[in-house]
Amino acid sequence: MKPDIGGIGMTSQRTRERLVQRLIDQGVSNISVLNAIRTTPRHLFLDEAMSHRAYEDTALPIGFNQTLSQPYIVARMTELLLRDGRPEKVLEIGSGSGYQTALLAQLVDQVYAVERIKPLLDKSRKILRQLKYRNVMFQHSDGSLERHSYAPFDAILCAAAPVSIPDVFLEQLMPDGRLILPVGKESQVLKMITRKADEFVTETFETVRFVPLCKGTVR
Ligand code: SAH
């Protein structure tokens, strides 16, 4: 079946426009990010029963106790990723529904998406293929365990919260590379860590709520 890219009713262009305006009101200003959100059919990344809510600024369930992140936070993290120049190679840990992956595919050269839950990975891979994004490589693995075979990266975006930052994330950053992720248990904060010549520089942003970074894989 062909994906309904245009969308009808609650998934229409007008509804998407309203979401973009809301993000602008909340302070998102990167035009490329806003344009990618405007044109990416978020409803395709949800089950049909949820798709009428796709353009609300809220996190939504995608099964397996996981959520499609709230558009505001997706926009915020993507904006930080692009803040100091356009990264070429990006590692995404916890690609879930694939929505963030689809945005990244439009904004950077190459995306390496890692997800520990196989059914989510299979579904997102299929949607991205339908949408004809060819610069994404998916991998079914626990992204906190070991270096990705394509490391190092210009940027790493992690959409699940570790209690403390795994060394293996930092080790995979190129010089000037940046890692964007939520950190914490009950109370989490959004952080960006940049690799400088001989140190890691940490910036801390708003409080956030993400699912935890988990160990192992699910078939
Ligand atoms: N950006 C995604 C977020 C999904 S929620 C979206 O909007 O759909 C976070 C995802 O991280 C979940 O799918 C979860 O399965 C995955 N995850 C958690 N721990 C992981 C790990 N160690 N390695 C890879 N993926 C992980």
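Me: What is a nonpolar core, and which residues of the largest one touch the most other members?

Reply: A nonpolar core is a set of buried Ala, Val, Leu, Ile, Met, Phe, Trp, Tyr and Cys residues joined through side-chain atoms within 4.5 Å. In this predicted model, the largest such core holds 51 residues, and helix α3 (residues 71–82) gives the largest share of this core, 8 residues. Apart from it lies another core of 16 residues, which includes Ile-93, Val-114, Leu-173 and Leu-179. In the largest core, the members that touch the most others are Leu-23, Ile-37, Phe-45 and Leu-81.

Me: Which residues does Leu-81 contact, leaving aside its neighbours within four places in sequence?

Reply: Leu-81 is among the residues that touch the most other members of the largest nonpolar core. With its neighbours within four places in sequence left aside, the residues in contact with Leu-81 are Pro-87, Val-90, Leu-104, Val-108, Ala-155, Leu-157, Arg-178 and Ile-180.

Me: What percentage of the residues in the protein chain is buried?

Reply: The protein chain exposes about 10600 Å², of which carbon and sulfur atoms supply 51%. Among its contacts with a separation of 6 or more, 55% are between residues 24 or more positions apart. Of the 219 residues in the chain, the buried share is 53%.

Me: How many residues of helix α4 are buried?

Reply: Helix α4 spans residues 99–107 and is mostly covered. Its buried residues are Tyr-99, Gln-100, Thr-101, Ala-102, Leu-103, Leu-104, Ala-105 and Leu-107. Of the 9 residues in α4, the number buried is 8.

Me: Is Ala-151 buried or exposed?

Reply: Ala-151 is placed in the loop between β5 (136–140) and β6 (153–158), and, leaving aside neighbours within four places in sequence, it is in contact with Lys-89 and Gln-172. The C-alpha atoms of Ala-151 and Gln-110, which are 41 residues apart along the chain, are separated by 12 Å. Because the relative accessibility of Ala-151 is 17% and the cut-off for burial is under 20%, Ala-151 counts as buried.

Me: What is the phi of Lys-132, and is Lys-132 buried or exposed?

Reply: Most residues other than glycine have a negative phi. Lys-132, found in the loop between α5 (118–130) and β5, has a positive phi, near 65 degrees. Because its relative accessibility is 56% and exposed means over 50%, Lys-132 counts as exposed.

Me: Where does Asp-176 lie, and what is its phi?

Reply: Asp-176 lies in strand β7 (residues 173–184), and at 47% relative accessibility it counts as partly exposed. Its phi is positive although the residue is other than glycine, with a value near 70 degrees.

Key:
Residues are numbered from 1 along each chain as its sequence is written. This is a predicted model: local features need pLDDT of at least 70, side-chain atom pairs count only at pLDDT 80 or more; totals for chains, interfaces and linings use all residues. Side-chain values use heavy atoms; hydrogens and water are left out. Buried means under 20% relative accessible area, exposed over 50%, partly exposed in between (1.4 Å probe, protein chains only). Contact means heavy atoms within 4.5 Å. Accessible areas come from the Shrake-Rupley method with a 1.4 Å probe; for residues, only the protein chains shown count as cover. Helices (H or I, at least four residues) and strands (E, at least two) are DSSP runs, numbered from the N terminus.
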